[in-house]
Amino acid sequence: MNTARRIGLGLLVTAALVFVFLMYTRPDFLFQMANQLWACF
């Protein structure tokens with residue numbers, strides 16, 4: 001794997017982790033998503 005691809009992959013993973021962390025700081029969003037997921041069943 002070349003350096004540019006490795007850096008791009010690292011940035012993508014870091015952005016995904018930051019997004020998940022920010023969503024966990026908003027419990028109302030998580031509650032809404034859980035309700036929508038539960039409605040599928």
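Me: Thanks! In which helix is L12 found?

Reply: Helices (H or I, at least four residues) and strands (E, at least two) are DSSP runs, numbered from the N terminus. Here L12 lies in helix 1, residues 3-24. The protein chain has two helices and zero strands. A note on the source: this is a predicted model, where local features need pLDDT of at least 70, side-chain atom pairs count only at pLDDT 80 or more, and totals for chains, interfaces and linings use all residues. Residues are numbered from 1 along each chain as its sequence is written, and side-chain values use heavy atoms, leaving out hydrogens and water.

Me: Why does L12 count as exposed?

Reply: Buried means under 20% relative accessible area, exposed over 50%, and partly exposed in between (1.4 Å probe, protein chains only). L12 counts as exposed because its relative accessibility is 58%. Of the 41 residues of the protein chain, 2% count as buried.

Me: Which residue forms a salt bridge with D28?

Reply: A salt bridge is a side-chain nitrogen of Lys or Arg within 4 Å of a carboxyl oxygen of Asp or Glu. In this model, the partner of D28 is R26, and their closest N and O atoms are 4.0 Å apart. The count by this rule is one salt bridge. R26 is partly exposed, at 42% relative accessible area.

Me: What does the C-alpha trace of the protein chain span along its principal axes?

Reply: The C-alpha trace of the protein chain spans about 45 × 25 × 5 Å along those axes.
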